[in-house]
Every structure is written in C-alpha cells, then in structure tokens.
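Subject: Handing over the structure

Hello,

Here is the structure I promised to pass on to you. Have a look at it first, and then read on for what was found in it.

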Amino acid sequence: MNSLADPNVVKVLDRLHREAEAQTPELRKRMAATREGGQMTEDWPEQMRDFYLPVSREQGRFLYQTVRAVRAERVVEFGTSFGVSSIYLTAGLRDNGGGILVGSELVEDKAVTARQNLAAAGLAEYTEIRSGDARETLADPGGLVDVVLLDGGPGMYLEIVELLVPHLRDGAVVVADNIESGGEDEQPYAKWIRDPAHGFVSSSIVMKGGTEYSVWVSGTGVSGTKVSGTMQHSPLHAVVGDNRLDIARRLL
Ligand SMILES: C[S@@+](CC[C@H](N)C(=O)[O-])C[C@H]1O[C@@H](n2cnc3c(N)ncnc32)[C@H](O)[C@@H]1O
C-alpha cells in the first residue's frame, strides 16, 4: 500500500507544491526582512503568514519512508504551516494501519487551512493540528512518540526536542529541517543533538537546507514489539502508561 500514489493525495500535494513554488520570487524578497544579524526576528511567523515554506517533495517522501520504516503510530510535528509535510506523514500513518499526527502551528489561519488540506487529501482522521505556540501545545503529545519533525521556529528546535525527549519511544526518529540554511539559529540544536552524551545517534543528510536525522537510543529498554500488525508496548509500559519518565522512575 502506498498512499503517496492515492489520486486525492497526489492532487492535493501537486496543488500545494505548485502554489509554494509560485511564491518563491516573493519569498526571496521578503526573507531578508525576517533576519537580523544571522537570526530570525521574533515576528517572522507573522511576516510569513501567507507563505508555505514547505518541505521539498524529496523530504516529503523521506518522511513517509521514515514513518513506514519504524511502523510509527504517533508522530509529532513542530511547524505545520499549510500541511504539506503533514500530508506525507499521515499518508505513512494510514499505510501503517492507523495512528495520529500531532501537529502544531502558531498562525491560526494556517492551522485552519492545513486541516482543510488534510481533509481534501482524505487524511483528516489521522491528524490533530494544535493551534498556538508549540512550546505549550506539544508539552503533552498524548502518548509515546515514534517520529518527530522539527520544521518550525528557528532557534526553538532544542527547546522542543528537550520537551519531547521524555515521551520518545526507544528508537524514535527526530528529523530536523533547515539545519544548514537556518543560520546561527540552528547551531545550538545541531551541536547538542550530535553530542552522544544527550542520548541520540545523529547524522546530517544532504537534502534541501540540510536535514538532521537523529535516533533516540537512550530509552529505558521499553521498546515496542510488533504483534499482529499493531505496535504493542511491553507489560511494564501498559502498567505505567505512556510516559517514559514514569517508567524511569519505577526502574530506579
Ligand atoms: C517552515 S514552516 C513549516 C512547513 C511545513 N512543515 C510544511 O512542510 O508544509 C514553519 C512554520 O512554523 C510555524 N511556527 C513558528 N513558530 C512556531 C511556534 N512557536 N509554534 C508553532 N508553530 C510555529 C510558522 O508559523 C510556520 O508556518
């Protein structure tokens, strides 16, 4: 099964990528106004409220592949915009047999349009797009997380990943966009995630503005096991619920 070949998904993705490409000349002009001394200005999301800023088709396919490869059931996305990456991620969830994408978008109008785009692609039932600041809306992702996409406010990747670490399943994948093109904003994140002391094994991939691919390898050993097509978690997990910190506390 490959939902990326589903006619509804193809149609919506074609339209969104086409509209995003048409914005490129205007985007180049406007980008300069969102940078100050190598860092993004505080109001950049508002300045970019009409712009897609989507993942590339190649990155999108890579996200789909990742969701399929790790048999993800819960995916978290920092920075949903109009929902391009969300469509690739939820297509993977549907083909895995179900699951949920917890998205986040600061600009309310963008979140509304993202929900409409996901509905048009026939993927609404696999999504929960949370409006507001991801530092608040992603504090509780609602269960163990299998895949994370970081594609939101530059300079916040580290804060968001630290927020999510207690919820990562053993072997969870964190994909971060714009690692090379994000300027000084992304450097603290890249430095942190590449330091093995922080529990990840990380590689940079040459894709669009530099994509960082990191796998969480410091779990408590409570990893999912496949049973009859659905991801079941260990009895220990069932006892303490979906919170890795709770599990860690019980093991200490
Ligand atoms: C690069 S775009 C995301 C593109 C999207 N992943 C896609 O492929 O279509 C970044 C988005 O993050 C949003 N954003 C910025 N800061 C945020 C925050 N603190 N919380 C939630 N969303 C934020 C911006 O409004 C913007 O729409």
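Predicted model: local features only at pLDDT ≥ 70, side-chain atom pairs only at ≥ 80, totals over all residues.

Strand β8 (residues 200-205) pairs with strand β9 (residues 211-216) in the antiparallel sense, over six bridges. Within that pair, Ser 202 has Ser 214 of β9 as its bridge partner. The hairpin of β8 and β9 has five residues between the strands, and Lys 208 takes a positive phi near 45° in it.

Strand β9 is also joined to strand β7 (residues 168-176), by four bridges, and β7 and β9 run antiparallel. Here Val 175 stands opposite Tyr 213 in β9.

**The helices around α5**

Next come the helix pairs that involve α5. Two packed helices are described by the angle between their axes and the distance between the axes.

Take α1 to begin with. Helix α1 (residues 7-22) and helix α5 (residues 84-96) have axes 10 Å apart and pack at an angle of about 160°. That angle is over 145 degrees, so α1 and α5 are roughly antiparallel to each other. The crossing in which α1 passes α5 is left-handed. From α1, Val 9, Val 12, Leu 13 and Leu 16 make the contact, and from α5 the residues are Val 84, Ile 87 and Ala 91. By class, the contact of α1 with α5 has seven nonpolar, no polar and no charged residues.

Helix α4 (residues 57-69) is another partner: the axes of α4 and α5 come within 8 Å and cross at roughly 30°. The two helices, α4 and α5, are therefore roughly parallel to each other, and α4 passes α5 in a right-handed crossing. Among the contact residues are Leu 63, Tyr 64 and Val 67 of α4, together with Val 84, Tyr 88 and Leu 89 of α5. The contact of α4 with α5 divides into eight nonpolar, four polar and three charged residues.

What about helix α6 (residues 108-120)? The axes of α5 and α6 come within 10 Å and cross at roughly 40°, so α5 and α6 are oblique to each other. Their crossing is right-handed. Ser 86, Ile 87 and Thr 90 of α5 make this contact with Ala 114, Asn 117 and Leu 118 of α6. It has three nonpolar, three polar and no charged residues.

**Around the ligand**

Which residues come nearest to the ligand? Of the 23 residues around the ligand, they are Pro 45, Gly 79, Val 84, Ser 85 and Gly 153. The elements that give two or more residues to this shell are α5, β4 (100-105) and α7 (134-137). By class, the shell around the ligand has eleven nonpolar, seven polar and five charged residues.

Terms used: Residues numbered from 1 in each chain as written. Axes fitted to C-alpha atoms, helices over the stretch in contact; angles between N-to-C directions. Parallel < 35°, antiparallel > 145°, perpendicular 65-115°, else oblique. Left-handed = near helix turned anticlockwise from the far one by under 90°. Contact = placed C-beta atoms within 7 Å. Nonpolar A, V, L, I, M, F, W, Y, C, P; charged D, E, K, R; others polar. Near = placed C-beta within 6 Å. Pairing = 2+ DSSP bridges.
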